[in-house]
Amino acid sequence: MTTAQTNTTPLTVDIAIVGGAMAGATLALGLAKLSASQSRPLRIALIEAHVANNNHPGFDARSIAIAQGSIFELTRLGIWPKLQHLGTAIENIHVSDRGHFGMTELNAKPLGLDALGQVVELAQVGKVLFDELTKSPVSLFCPAKVTDIQAQQDGHLVSLDDGTQLHCQLLVAADGAHSVVRQQLQQTTEIIDFDQTAIVANVITNQAHQHWAYERFTQTGPIALLPMTSVPSAPSAQSRFSLVWAVPPAKADELKHADKTEFLAALQQAFGHRVGRFIDVGQRASYPLTLSYMPRPIFHRCVFVGNAAQTLHPIAGQGFNLGLRDVIGLLDVIENALTQANVNAKTEVDVGSSAIVHQYLAARQGDRDTTLRNIEFLVRGFSNQYWPLVAGRNIGLRLLSWFPPLKRPVAHTAMGWR
Ligand SMILES: Cc1cc2nc3c(=O)[nH]c(=O)nc-3n(C[C@H](O)[C@H](O)[C@H](O)COP(=O)(O)OP(=O)(O)OC[C@H]3O[C@@H](n4cnc5c(N)ncnc54)[C@H](O)[C@@H]3O)c2cc1C
């Protein structure tokens, strides 16, 4: 690591990444790997406002499901081998519509896979990624906040709250849903408010999870349960699940402050008994659920990745999976430019050039549009009690059960294969 010192003259780098949570940290590590094989390694800076401790907004108490396609990409970047010991495999997913006949299963084995994805706790992942960054050639500015950005013809002048200034050819915004880069550069975002809030908590049940994940659509919103590592002291028949329960905002407030017994009873009533009895719940957090989307996640010498480019409803667990595909898309475009320069015996590559920025836009357009359309369809289609919609979605789920070949494309989408 180069922990950069406070500096009055701007420090020159090729790429400055703002935000070092899931998207920014994986991009920085991916760039460091890519750059290692170059005769003139890229100078990369990562600016992150929080150190990886319990108050980190990007590495908080949440658990997320990383789809198998993303595991494949993270392995290629050399990152998954460092995280593997933290993962719990999802071997099967059960999808159902509460109170109706529709249900289906997605299973890894028929697809010739060991798992459909892995569940990780973000707080643990954050510590490992930061440890890896400190061992890498990335210049890490942390804790430091970006406070001002001046667009210039040949790059951006980025000012930090400690007085440091950086000049970069390419600025990457990985600074989340409320992106300061987006505000500084006056870029617009479209927001859909679903009028739902997610209650997130770890829960314990009296049955072993056996690597099943569950998605249950209810009248008020979906309930997702992701299998987690077991509690060492707990009986082996018990399981830990990560719960994401989407409900209307007023109900979320009630559930967040309800006592444990009331909360567990409400959850049991909403989810049913498919995972046995809910016997304990940890600390509860809430997240308002919106879908925000930058129609063009680029600007002059700047690209947006992860939640800064789009923030999804967690209904299908696709937020980071899509964000990682932004990261991979950008890495591919930069790698192509470096390869092309080597072929042409050029020593310098302008990584912030209009060509690179527009190639990134073109590479990401189709996948982003499709994923966002699918998520909006899922949220609206499965939270609605209008009878033709209820019938349609239940028939759809049943068809998937009756005709297993239909599951393959659904599973491929869920697993985020590129
Ligand atoms: C309840 C819930 C469940 C989810 N489940 C899943 C799931 O199962 N699977 C999945 O793929 N995704 C899931 N997601 C989505 C996933 O968590 C996010 O997509 C992902 O963590 C976003 O990462 P990010 O790095 O893009 O943004 P963030 O995590 O928002 O990180 C932004 C970073 O930028 C930093 N920052 C902000 N401003 C500045 C500044 N001015 N200067 C410097 N640094 C700054 C912040 O400190 C932060 O570290 C879920 C989300 C929620 C809310």
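Start by selecting residues 15–34: the UniProt record, an unreviewed entry, annotates this stretch as "transmembrane region". UniProt positions here follow the numbering used in this tour, feature names are shortened, and annotations may be inferred rather than shown by experiment. Helices (H or I, at least four residues) and strands (E, at least two) are DSSP runs, numbered from the N terminus.

A word on what you're looking at: this is a predicted model, where local features need pLDDT of at least 70, side-chain atom pairs count only at pLDDT 80 or more, and totals for chains, interfaces and linings use all residues. Residues are numbered from 1 along each chain as its sequence is written, and side-chain values use heavy atoms, with hydrogens and water left out.

**Stop one: the ligand**

Which residues come nearest? Of the 32 around it, they are Glu-48, Arg-62, Ala-65, Asn-307 and Phe-320. (A residue is near a molecule if one of its heavy atoms lies within 4 Å of it.)

Next, look for polar contacts, meaning pairs of N or O atoms within 3.5 Å; within protein, one must be able to donate a hydrogen and the other to accept it, and residues adjacent in sequence count only if both atoms are side-chain atoms. Click on Ala-65: a polar backbone atom there is 2.8 Å from an oxygen atom of the ligand. At Phe-320, a polar backbone atom is 2.9 Å from a ligand oxygen.

How much of the ligand does the protein bury? Taken alone the ligand exposes 1,000 Å², and 90% of that is buried by the protein. Those areas come from the Shrake-Rupley method with a 1.4 Å probe; for residues, only the protein chains shown count as cover.

Colour α1 (22–36), β4 (63–67) and α8 (319–343), the elements that give two or more residues to the shell. α8 gives the most, with three residues.

**Stop two: the second largest pocket**

Rolling a probe the size of a water molecule over the atoms shows where empty space is left. On a 1 Å grid over the protein atoms alone, a cavity is a set of points where a 1.4 Å probe fits but cannot get out, and a pocket is an open set with protein on both sides within 12 Å along at least five of seven lines; lining residues have an atom within 4 Å of a point. Grid points are joined across faces, edges and corners, and a volume is the space filled by probe spheres set on the points.

The second largest pocket holds about 290 Å³ of space. Select Asp-60, Ala-61, Arg-62, Gln-283 and Ala-285, the closest to its centre among 13 lining residues. β13 (190–205) is one of the elements supplying at least two residues of this lining, and its share, three residues, is the largest.

**Stop three: the cavity**

There is one cavity of 30 Å³ or more, and the largest cavity has a volume of about 40 Å³. Its lining includes Glu-215, Pro-222, Val-244 and His-313. β15 (222–227) and β16 (239–247) each give two or more residues.

Most residues other than glycine have a negative phi, and most peptide bonds are trans. Zoom to Cys-142 and Pro-143, where the peptide bond is cis, with omega near 0°. Finish at Gln-186, which has a positive phi of about 55° although it is not a glycine.
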